[in-house]
Amino acid sequence: MSNDTAPLIGILGGYGRVGAAAARFLAAQGGYRLRIGGRSADRAWRSTRTLGDRAEAAVVDARDSQSLMHFTRGCATVLDCSGTAFSLRGRVRAATLAAGVHYVGMTDDGGSRTPAGPCSAVLFTGLSGTLAGWVPRWLADGLDSATRFSGWWGGLGAIPPHTAVSCLLGKRRAVDPDDGRPQDCGTRDGEGPLDEAVLPVPQALAPPAAPPAHAVAVRRVLPEELRQQAYLLRLEEASWHEVLKGPGVPAFLDRFALRGPAAGDGGKLMAAARELARESLRDAAGSSPYQVLYGTLEGLTADGTPVRRSALLHCTDVTGLAGVIASVTAHEVTKGRVPSGVHVMAATLPPRDTADWIVRHLPRATARTTEVPTGEPGTTTAPLAARHPG
């Protein structure tokens with residue numbers, strides 16, 4: 001495919017941490033031209049030098065409609081990693097869609113989710129919620145039906161401020177199983193990923209490296225993304241836990257739940273996001289970053305056999321994980337695999353291919369599944385994606 005005919009993906013904030021990671025992965029995937037945009041011409045140009053001859057630099061200010069219109073010209077998709085989307089209340093998305101260009105936003109911009117026009121718009125709604133909505137789809141792939149899902153996610157690492165905005169907005173939309181009241185399911189101290197009495201992990205799916213020893217706050221919550229998938233998969237039960245390494249992030253989220261700013265107060269929400277980012281930096285100081293996801297799903301195979309499937313995702317590159325999610329979503333949208341309208345990212349991630357992208361692009365990443373007949377010894381299936389060497 002020549003440089004002239006390959007689809008063009010414009011990346012706003014393409015030299016930031018998440019944007020640069022997404023650009024790297026899309027360049028490695030091949031088949032695209034990339035336009036790296038931001039307010040700094042020098043940083044945009046330096047970023048393109050690492051991406052090969054299919055990348056170009058552009059100066060763009062997302063707050064300026066004329067600048068944005070010039071940036072989107074010729075693009076099939078705009079991937080917005082700029083972090084300005086929420087403060088502009090959906091104007092970047094609206095301008096992109098009005099230009100006839102698909103939009104993928106790595107910040108929930110707080111704008112309307114009503115479909116507008118023939119193009120697709122996909123919004124990132126926080127890492128926890130996105131994973132909670134994707135993993136049951138991953139496990140259900142190929143099953144005739146599913147009945148029960150349970151899962152947990154935890155990690156340690158610096159949270160970029162604009163990613164923190166989506167995290168806090170996701171907390172507002174999540175439902176606590178106990179009438180919306182904040183709940184702490186307990187604090188554990190130990191070397192393993194979690195106390196086995198709370199959230200067990202079979203030895204066959206043990207992470208390749210145990211997280212560092214920290215206090216762990218385990219909270220039960222039901223993100224909107226999981227509620228949506230529970231409805232679509234017709235699950236009888238669905239549960240999700242967040243494993244929060246501390247002490248800073250859990251304490252901040254407790255304060256936010258009690259005294260957080262009103263949903264429409266963008267300035268105070270951005271200030272809260274910056275505070276969350278600072279707390280995540282303090283918690284991660286001196287420790288190796290990581291993300292761990294584990295989930296189980298019960299259901300029936302095509303021949304009616306009851307089975308239990310389990311999945312484990314483990315990686316050490318927190319920003320890279322967000323970058324993979326951004327890049328695979330932009331890939332799906334540009335390929336025309338996402339229908340028109342406004343969607344949350346969890347509902348558009350391809351079930352198996354997302355795991356494959358994670359393993360392919362992130363060193364030391366693991367994505368494994370097992371399947372055993374319910375109530376019988378069973379055997380472990382071949383992993384959908386093997387561990388990346390390195």
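Residues are numbered from 1 along each chain as its sequence is written, and side-chain values use heavy atoms, with hydrogens and water left out. Because the model is predicted, local features need pLDDT of at least 70 and side-chain atom pairs count only at pLDDT 80 or more, while totals for chains, interfaces and linings use all residues.

**Cores**

A nonpolar core is a set of buried Ala, Val, Leu, Ile, Met, Phe, Trp, Tyr and Cys residues joined through side-chain atoms within 4.5 Å. Buried means under 20% relative accessible area, exposed means over 50%, and partly exposed lies in between (1.4 Å probe, protein chains only). The largest nonpolar core has 60 residues. Ile11, Leu34, Leu79, Met106, Val135 and Trp240 touch the most other members. Another core lies apart from it and has 18 residues, including Leu12, Ala58, Cys119 and Leu123.

Helices (H or I, at least four residues) and strands (E, at least two) are DSSP runs, numbered from the N terminus. Asp80 is in strand 4, residues 77–80. What is the charge setting of Asp80? Asp80 is buried yet has no salt bridge. The nearest side chain of opposite charge is Arg93, 8.6 Å away. For charge, Lys and Arg count as positive and Asp and Glu as negative; His and the chain ends are not counted.

Asp80 does have polar partners. Its side chain makes a polar contact with the side chain of Ser82 at 2.6 Å. The side chain of Asp80 also makes a polar contact with that of Tyr103, at 2.8 Å. A polar contact is a pair of N or O atoms within 3.5 Å; within protein, one must be able to donate a hydrogen and the other to accept it, and residues adjacent in sequence count only if both atoms are side-chain atoms.

The C-alpha atoms of Thr107 and Ser82 are separated by 8.4 Å, and the two residues are 25 residues apart along the chain. Thr107 lies in the loop between strand 5 (102–105) and strand 6 (120–123). Thr107 counts as buried because its relative accessibility is 3%.

**Cavities**

The structure holds two cavities of 30 Å³ or more. Of the 36 residues that line the largest cavity, Leu127, Ser128, Trp153, Ile159 and Cys167 are the closest to its centre. The elements that give two or more residues to this lining include helix 5 (127–140), strand 7 (145–156), helix 6 (161–173) and helix 9 (266–284). Helix 6 gives the most, with five residues.

On a 1 Å grid over the protein atoms alone, a cavity is a set of points where a 1.4 Å probe fits but cannot get out; lining residues have an atom within 4 Å of a point. Grid points are joined across faces, edges and corners, and a volume is the space filled by probe spheres set on the points.

**Salt bridges**

Side chains of opposite charge can pair when their charged atoms come close. A salt bridge is a side-chain nitrogen of Lys or Arg within 4 Å of a carboxyl oxygen of Asp or Glu. By this rule the count comes to 14 salt bridges. Three of them are tabulated here.

| Pair | N to O distance |
|---|---|
| Arg255 and Glu275 | 2.9 Å |
| Arg337 and Glu332 | 3.0 Å |
| Asp356 and Arg360 | 2.5 Å |

Arg255 forms a salt bridge with Glu275. This pair links distant parts of the chain: Arg255 is in helix 8 and Glu275 in helix 9, 20 residues apart. Arg255 is partly exposed at 32% relative accessibility, and Glu275 is partly exposed at 26%. Glu332, at 8%, counts as buried.

Asp356 and Arg360 are separated by about one helical turn, because they are four residues apart in helix 11 (residues 351–361). Asp356 is partly exposed at 32%, and Arg360 is partly exposed at 38%. Elsewhere, salt bridges that share partners join Arg148, Glu236, Glu237, Glu298 and Arg308 into one network.

**Positive phi**

Arg234 is not a glycine, yet its phi is positive, at about 60 degrees. Arg234 sits in the loop between helix 7 and strand 10. It counts as exposed, at 72% relative accessibility. Arg364 also has a positive phi, near 60 degrees. Arg364 lies in the loop between helix 11 and strand 14 (366–373). Arg364 is partly exposed, with a relative accessible area of 41%.

Conventions
On a 1 Å grid over the protein atoms alone, a cavity is a set of points where a 1.4 Å probe fits but cannot get out, and a pocket is an open set with protein on both sides within 12 Å along at least five of seven lines; lining residues have an atom within 4 Å of a point.
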